[in-house]
Amino acid sequence: MSQSSDTTVVKRSYTTKHIQGAITLDGIPNEEAWNAIDWTGDFTQWKPNEGKAPGQPTRFKILYDEKYLYIAYHCIDKYPDSIIKRMDRRDQFPGDWVEINIDSYHDHRTAFSFTLSASGVRGDEFVSNNGDFWDVNWNPIWFAQTHVDETGWTAEVKIPFSQLRYGNEADKTWGIQVTRRLFRKEEMSTWQFIPQRSAVWVSAFGELKGLKNIPLHRQVEIAPYVTFQTDKYKKEAGNPFAKGLDTKLNGGLDGKYAVTNDLILDFTVNPDFGQVEADPSQVRIDGFQNFFEERRPFFMESRNIFDYQLTGSEAGGDYDSDLLFYSRRIGSSPHGYPNVTDNEYVKMPQNTSILGAAKFSGKTRKGLSIGVLESVTQKEMASIDNNGEKRKELVEPLTSYFVGRLQKDINGGKTVFGGIFTAVNRDNGLNDLLHRNAYSGGLDFIHTWKNRTWYIRGNMVFSQVQGSKTAILNTQTAFEHLFQRPGATEVSVDSNRTALTGTGATIRLGKAGGNGAGRFGRLFKFETGVTLRSPELELNDIGFMLTANEINHFTWAGFHWPKSFLFFRTARLNYNHWSRWDYGGKFIYQAFNFNTNATLKNNYQVGTGTTWAVFGISNNALRGASAIRRLPGISYNFFVTSDYRKKFYVSFNNTTFWGFQHTMKNNNTDLTLYFQPINALRVSLSASYAYSWRKQDQFVSNVSYGNTTRTIVSEVKQNTLRFVGRLTYNITPDLTLQYYGQPYISRPVYSHFAYVTNPLAHKLNDRFHVFNNGEITEVNGEYRVDEQKDGIVDYSFNKPDFNFVQFRSNFVVRWEYKHGSEIYLVWSQSNTPDAEADLDNNVPIAKSLFTNAFDNNAARNIFLVKWTYRFLK
């Protein structure tokens, strides 16, 4: 079938049958049972030549019995020697593959995706929001085999009904979509044609009919685990906690239980995440906190249900960092540190132990999505030794984390209403450091019309934190709030408060699809909206928020060409602008952006863009001493990736920002090399270099001088160098070796110190008083200031320069010896040496990095064996 994307799309259907006879899962659908039903096919090309006939035909069959859904594929190929059978980790989708999406809820919004490569690598995802979100962390139990012959390649798939969710009606209709990837042409073809301009996915699926009287299968899985861990590190003389070798035997339990066929209870007791890849090294000197992606399987699976962002990425910059639930808060490093003297040794827990966690989630037949998560972390104590006398001090209280999320589909998912509530409750202890209770919540909606191509969506949030006067005072004066900032008429510090209550909201209108009058109407998309965060909004006990006290306006508009034309496979042109005010009505930011990206017919990907920052005032940069004007500038970025179908390809990108009047410059350059010498081996090596220079306005310290506060600033030059190496070797699709290594160095050097005099002055030199040689001297890592030049030190501050070097690596052997049951062999190495001497001696950063990062004397090596066995019902 060849079909133009501008014609009316007919929804297809396929009628399955109950299996008669046995099927041996060997990838060759030649059993008699398969003859009971006809092949279906007639696929349509989706990319790059939408609506045209595919380069190679595809066909499939579907059967079922009381426990399983069976699928046979025949991916016909006139050139079987050209089939790409690359291997990779699960969920990496290498080479040629075929995929089925199953909307067993038949809610037109969610689906279960099962992908199988010609090499036998499996991938699975949970699809939500009508195809906008694909959760690769969903890992069901299912079975598949493939086979290559002279006609192409074939496959047999067996999916347990217990891994799907469906209603109890006797005669079922499910939505389905089958997609094939022809790797050598980077061509995608689908059974149910869905024009790309429609901006929908699940709601346009074809239908699977003929499923009759399938019993409800309640999923029950129990997976105990045992770990043995050995830590080897440098022994410290006199330190009873650093003997050079520690060993630990541990165990726990993971499980799933289907309370109903729609709703699953996931639970974990004493979870271990020793096989999880280490976080990348990060250093920021601007005061904002680092964001790290979740990597722990328990929290990653089904996280789409708990996802609640105040804004989305279309808003630009860091606006999309507002999360009501940021799972990395659970099990993070302890917040406290014991009071110790110089002659005392301390043993600190690296992370807060999770005693247990449970997650209840799913979606009912009536379109109600439910997500409930509860986790408890244990009380953590630091051990202190003073010449043999030992004591313990609290560094983290017993804490409960709760998240509840509901969403209701209306009118076939064209309208969705939802809500969320979170709670953090801490036991007594560290009352002056941490909030005793923290609550947040919100309501959200989305309404679509005109075949879901137009939408209006919005949400609102609230937060309340409760605690001692000291804890709440610390929150008021923290970097995210800065109530003490002079000139902030909208806020004021109240040292008697024991609670703060904040609100936030976003409303946005957009056009996601390409339906419209004329050719350009079909290509045009846009979104515009407003986001608000009140000064008292505080989400960081269980969420993630960079700053409060902002009103943001954003607009994005663009053209998307999904079909091949000229020398393009696809192309996009985008425009953005952003404006920002604080709650006092002060205008603090404006920027305009234009960017474009495209995939060329030779499969190269290229893009470029520029941003003009017209105006900027930062309320945070001086840490509450005052707001400061940031002069405007312009940035330019460029990236290119060569044809990733090749066994060797390259990715390069560069971003540079220039401040007007020679006030600052940032440059980030990244180069990554990918190499796949054989199907089973994939290697990538990347290098990134970042240079940042700010003239005079980098914050250093706020110090007291008489009855005033001096805000010390300086010029700063920061050089950052990072290398990342990755290797994946597949012995079989279920037995892999993976390596990750990252040496990293960041070195900011401060000079030309000054104090702030008129922070909002238009001219840079009018904002500061620069110290001359008679006013400032350095003594043993401390700067001493004598403003009066009378020989008496008026105040001092520490030398802010540092040289941070770190090396992190993981080597993991993973064997899924039985579906759902695994053995891990892990070698993890971390090294954060003391490299400050290189800074004083002006050692080049590359030499400093490689001299220190691989120093085995300073490294901590962790060897771990983890065994899990999954019992299935």
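Start by selecting Lys866 and Tyr225: Lys866 lies over the face of Tyr225, 5.1 Å from the ring centre. (A charge sits over a ring if NZ of Lys or CZ of Arg is within 6 Å of the ring centre and within 35 degrees of the ring normal.) This is a predicted model, in which local features need pLDDT of at least 70 and side-chain atom pairs count only at pLDDT 80 or more, while totals for chains, interfaces and linings use all residues. Residues are numbered from 1 along each chain as its sequence is written, and side-chain values use heavy atoms, with hydrogens and water left out.

Next, select Arg296 and Phe273. The charged end of Arg296 sits over the Phe273 ring, 5.6 Å from its centre.

The whole structure holds 50 aromatic pairs; rings of Phe, Tyr and Trp (its six-membered ring) pair if their centres lie within 6.5 Å, and planes under 30 degrees apart count as stacked, over 60 as edge-to-face and the rest as tilted. Select Trp454 and Phe526: their ring centres are 5.7 Å apart and their planes stand at 70 degrees, so this pair is edge-to-face. Because Trp454 lies in strand E26 (residues 454-466) and Phe526 in strand E28 (residues 524-533), the pair ties together parts that are 72 residues apart in sequence. (Strands are DSSP runs of E, at least two residues, numbered from the N terminus.)

Are these two residues buried or exposed? Trp454 is partly exposed, with a relative accessible area of 24%, and Phe526 is buried, at 15%. (Buried means under 20% relative accessible area, exposed over 50%, partly exposed in between, using a 1.4 Å probe and protein chains only.)

For the last stop, select strands E2, E4, E5, E11 and E10. These 5 strands form an open sheet in the order E2-E4-E5-E11-E10, with mixed pairing. (Two strands pair if DSSP finds at least two bridges between them.) Strand E2 (17-18) and strand E10 (143-149) stand at the edges with a single partner strand each, so one side of each has no neighbour in the sheet. Zoom in on strand E5 (residues 68-76) and strand E11 (residues 152-160), which run antiparallel and are joined by 9 bridges. Which residue in E11 is the bridge partner of Ile76? Select Gly152 to see that partner.

Notes
Helix = DSSP H or I, 4+ residues; strand = E, 2+ residues; numbered from the N terminus.
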